[in-house]
Amino acid sequence: LLDSLLQESHSQDGPDMKTIFALLALAGIGAARESYHGSGEMKCYGDMSVSLYKDNTNGFLDCRPSWGSPAAPPQGIIADGDDGTHWVMVDDKGSGDCLGDITYFYGDLGLGYCDRLMLDDGHQTRMFCGYATCTGEMNLECTMLSGCHG
């Protein structure tokens, strides 16, 4: 289909608008949108919120890495599903949440991906920048052009 559209566009004086829109639509199909729903381990480097239960180890991690500037170190998620899949999401091209055993730290571990440090008020209801791990039930969403898992 793509070859015939390209040949059609070169056989005329120039590409018509229908050909241009068709090429753009086909290019958009190539954008990867992947997801994972299952058990495993997730590491969050960046913006997140954490809600812990009374035992202070089990809870809910909501990881929302954000984009900074081109010179800023990236935020992201690295996750391994129990099915053997490996996931890497960078900046705002992915997000994830996890219900399970959580460990978290405020700040960027000296790596520079937090350009600010917002401390929670103790109720753990706001986003902050930090590092967290969660082992449990994960939901991952990826919108990176090249895909997120291998």
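**Entry 1: L140 and its surroundings**

I began with L140: beyond its neighbours within four places in sequence, L140 is in contact (heavy atoms within 4.5 Å) with E34, S35, Y36, M42, I77, A79, W87, M89, S95 and G96. I note that this is a predicted model, where local features need pLDDT of at least 70, side-chain atom pairs count only at pLDDT 80 or more, and totals for chains, interfaces and linings use all residues. Residues are numbered from 1 along each chain as its sequence is written, and side-chain values use heavy atoms, with hydrogens and water left out.

I placed L140 in strand 6; strands (E, at least two residues) are DSSP runs, numbered from the N terminus. L140 is buried, at a relative accessible area of 0%. For that scale, buried is under 20% relative accessible area, exposed over 50% and partly exposed in between, with a 1.4 Å probe and protein chains only. I also checked Y36: its C-alpha is 5.0 Å from that of L140, although the two are 104 residues apart in sequence.

**Entry 2: disulfides**

I found 4 disulfides, a disulfide being a pair of cysteine sulfur atoms within 2.5 Å. With the bonded cysteines numbered in sequence order, the pairing reads 1-2, 3-6, 4-5, 7-8.

- C44 and C63 have sulfur atoms 2.0 Å apart, and their link is right-handed, with 80 degrees about the S-S bond.
- C98 and C134 have sulfur atoms 2.1 Å apart; this disulfide is left-handed because the torsion about its S-S bond is about -70 degrees. The pair joins distant parts of the chain, C98 in strand 5 and C134 in strand 6, 36 residues apart.
- C142 and C148 have sulfur atoms 1.7 Å apart, and both cysteines are buried.

**Entry 3: positive phi**

Which phi does N56 have, not being a glycine? I read a positive value of about 65 degrees. N56 sits in the loop between strand 1 and strand 2 and is exposed, at 54%. L109 also has a positive phi, near 55 degrees; L109 belongs to the loop between strand 5 and strand 6 and is partly exposed at 49%. Most residues other than glycine have a negative phi.

Notes:
Helix = DSSP H or I, 4+ residues; strand = E, 2+ residues; numbered from the N terminus.
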